[in-house]
Amino acid sequence: MSRINSYFSRLKAEGKKALIPYVTAGDPNPSVTVPLLHAMVDAGADIIELGVPFSDPMADGPVIQLACERALSHNVRLLDVLDMVKAFRAENTTTPIVLMGYLNPIEVLGYERFAQLAKEAGVDGVLTVDLPPEESVEFAGVMKANALDVIYLLAPTTQEDRIESVCEYGSGYVYYVSVKGVTGSSALDVDEVKGKLDIVRRHTDMPVGVGFGIRDGKTAAAVATIADGVIVGSVLVNAIAENADNPKQISAKVTGIIADMRHAMDA
């Protein structure tokens with residue numbers, strides 16, 4: 001059983017839902033990332049999605065696009081991100097880490113080399129936003145051969161036959177995008193999301209995490225009533241951006257948001 005599966009199983013046994021924050025590696029500078037990961041875990045994060053900076057993050061809104069630009073201004077590349085995971089693992093061997101990003105940096109490195117290095121660093125899963133499951137047979141095979149979960153996105157517009165095929169290809173958990181559009185876009189409708197999750201669960205026993213549109217403890221708690229995991233990104237990345245010139249404030253701002261969500265989800 002993978003570290004991701006084990007974590008979800010433990011949370012289910014405890015009657016809790018996973019809180020899954022996203023931050024971009026190297027934002028606003030590389031020295032911030034590893035201490036921030038530890039601080040997020042201390043504040044209540046269960047699984048961490050760590051963004052790999054990319055020059056053309058087409059699925060992301062301006063908040064995360066700018067985070068990628070800040071990281072890239074420090075020349076943060078995929079190998080640097082793997083080094084950050086390795087540094088995190090020196091102190092934390094239990095919290096699952098999922099790399100989230102785009103296929104190009106992985107292709108440049110090569111599937112086999114990336115998978116081996118990711119496994120050695122302590123990565124648990126990979127979510128490549130621009131790689132549909134129909135085109136990922138080779139990629140998924142290499143990742144799973146190296147004990148890496150392959151996580152896919154489902155959207156509000158995804159038809160049921162495609163939901164079935166995506167769930168068949170994936171592992172770890174399913175990432176359900178709760179709203180139409182890019183990250184940081186419009187508010188979510190929990191009742192509408194619940195209806196879609198009911199369909200998703202007809203086709204998989206995997207945990208389902210819901211992301212996009214989760215901004216505070218109230219929305220996190222609402223999503224926790226219908227999903228197995230609550231995925232939060234833009235509000236955290238925005239807090240980093242607002243304190244980019246004062247890195248000492250970043251941890252306090254980000255962990256304050258996470259702690260509020262954790263409390264609301266568990267209440």
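Guide: Helices (H or I, at least four residues) and strands (E, at least two) are DSSP runs, numbered from the N terminus. The model is predicted.

Visitor: Where is the place of Phe212?

Guide: Phe212 has a phi near 80 degrees, a positive value in a residue other than glycine. Its relative accessible area is 11%. That is under 20%, so Phe212 counts as buried. Its place is the loop between β8 and α10.

Visitor: How many aromatic pairs does a search of the whole structure find?

Guide: Rings of Phe, Tyr and Trp qualify if their centres lie within 6.5 Å. With that rule, the search over the whole structure gives a count of 4.

Visitor: Is the aromatic pair of Phe54 and Tyr102 stacked or edge-to-face?

Guide: The ring centres of Phe54 and Tyr102 are 5.3 Å apart. Their planes make an angle of 20 degrees. Planes under 30 degrees apart fall in one class, so the pair is stacked.

Visitor: How many residues apart are Phe54 and Tyr102, in distant parts of the chain?

Guide: Phe54 sits in the loop between β2 (48-51) and α3 (62-72). Tyr102 sits in the loop between β3 (97-101) and α5 (103-109). The pair thus links distant parts of the chain, and the separation in residues is 48.

Visitor: Does Tyr102 count as buried or exposed?

Guide: Tyr102 has a relative accessibility of 5%. The cut-off is 20%, so Tyr102 is also below it. Tyr102 counts as buried.

Visitor: Are the rings of Tyr175 and Phe212 stacked or edge-to-face?

Guide: Their centres lie 6.2 Å apart. The planes stand at 90 degrees. An angle over 60 degrees decides the class, so this pair is edge-to-face.

Visitor: In which strand is Tyr175?

Guide: Tyr175 and Phe212 are both buried. They are 37 residues apart and link distant parts of the chain. Phe212 is in a loop, whereas Tyr175 is in strand β7.

Visitor: Over the face of which residue does Arg10 lie?

Guide: The distance from Arg10 to the ring centre is 4.5 Å. That is inside the 6 Å limit for a charge over a ring. The ring belongs to Tyr7.

Visitor: How many disulfides does the count come to?

Guide: Cys68 is buried at 3% relative accessibility. Cys167 is buried too, at 6%. A disulfide needs two cysteine sulfur atoms within 2.5 Å. By this rule the count is 0.

Visitor: Are α2 and α4 roughly parallel or oblique to each other?

Guide: Helix α2 (residues 30-43) packs on helix α4 (residues 78-89) with axes 10 Å apart. The angle is about 45 degrees. Roughly parallel would need under 35 degrees, and roughly perpendicular starts at 65. The helices are therefore oblique.

Visitor: What separates the C-alpha atoms of Glu134 and Tyr169?

Guide: Glu134 lies in the loop between β4 (125-128) and α7 (137-145). At 43% relative accessibility, Glu134 counts as partly exposed. Tyr169 is 35 residues away along the chain, yet the C-alpha separation is 8.6 Å.

Visitor: Which residue does a cis peptide bond join to Asp27?

Guide: Omega of that bond is about 0 degrees.

Technical notes:
Residues numbered from 1 in each chain as written. Predicted model: local features only at pLDDT ≥ 70, side-chain atom pairs only at ≥ 80, totals over all residues. Heavy atoms only, no water. Phe/Tyr/Trp six-rings, centres within 6.5 Å; stacked < 30°, edge-to-face > 60°. Buried < 20%, exposed > 50% of the residue type's maximum accessible area, 1.4 Å probe, protein only. Lys NZ or Arg CZ within 6 Å of the ring centre and 35° of its normal. Axes fitted to C-alpha atoms, helices over the stretch in contact; angles between N-to-C directions. Parallel < 35°, antiparallel > 145°, perpendicular 65-115°, else oblique.
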